[in-house]
Amino acid sequence: MNFLKLKDAANKLLEFMEKYDLDDYNERLVKRNLNELIYVIDTDEIDLKKEKEINDILYSLFPPRGGLTEMYVADDDREKMNKINDELGELKKKLANYELI
């Protein structure tokens with residue numbers, strides 16, 4: 001696993017959320033989990049225990065309902081909304097497929 005690329009993807013998603021002012025209850029939980037993920041990656045060496053913790057955090061980002069699973073950006077301009085949500089989708093894929101990074 002490339003944890004630096006995983007951390008980079010988490011940081012980009014946090015920047016995206018700030019840029020589009022995503023700040024309801026669900027988004028705050030996602031931000032907390034992303035910050036926790038970054039913190040775990042930054043601290044000490046990555047061992048099996050930390051790998052499990054990272055996997056648990058990633059799992060919590062994609063629950064059956066809520067989290068990144070149902071996150072999207074709404075906008076009156078449909079074309080703009082689709083473009084923004086495509087960007088969001090790419091960021092989500094980077095986290096969901098972290099083993100392929």
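Visitor: Why is glutamate 90 called partly exposed?

Guide: Buried means under 20% relative accessible area, exposed over 50%, and partly exposed in between (1.4 Å probe, protein chains only). Glutamate 90 has 45% relative accessibility, so glutamate 90 counts as partly exposed. Lysine 93, at 47%, is partly exposed too. This is a predicted model: local features need pLDDT of at least 70, side-chain atom pairs count only at pLDDT 80 or more, and totals for chains, interfaces and linings use all residues. Residues are numbered from 1 along each chain as its sequence is written, and side-chain values use heavy atoms, with hydrogens and water left out.

Visitor: What makes glutamate 90 and lysine 93 a salt bridge?

Guide: A salt bridge is a side-chain nitrogen of Lys or Arg within 4 Å of a carboxyl oxygen of Asp or Glu. Here the closest N and O atoms are 3.5 Å apart. The pair therefore meets the rule. Both residues lie in helix 4, 3 residues apart, about one turn of the helix. Helices are DSSP runs (H or I, at least four residues), numbered from the N terminus.

Visitor: How many salt bridges does this rule give?

Guide: The count comes to 7. One of them joins lysine 31 to aspartate 23, with N and O 3.7 Å apart.

Visitor: Is lysine 31 buried or exposed?

Guide: Lysine 31 has a relative accessible area of 13%, so lysine 31 is buried.

Visitor: What is the nearest side chain of opposite charge to glutamate 27?

Guide: Arginine 28, and it is 7.1 Å away. Lys and Arg count as positive, Asp and Glu as negative; His and the chain ends are not counted. Glutamate 27 is buried yet has no salt bridge. A polar atom of the glutamate 27 side chain does lie 2.9 Å from the backbone nitrogen of aspartate 24.

Visitor: What makes a group of residues a nonpolar core?

Guide: The members are buried Ala, Val, Leu, Ile, Met, Phe, Trp, Tyr and Cys residues, joined through side-chain atoms within 4.5 Å. The largest such core here has 27 residues. Helix 1 gives the most to this core, with 8 residues.

Methods: Helices (H or I, at least four residues) and strands (E, at least two) are DSSP runs, numbered from the N terminus. A polar contact is a pair of N or O atoms within 3.5 Å; within protein, one must be able to donate a hydrogen and the other to accept it, and residues adjacent in sequence count only if both atoms are side-chain atoms.
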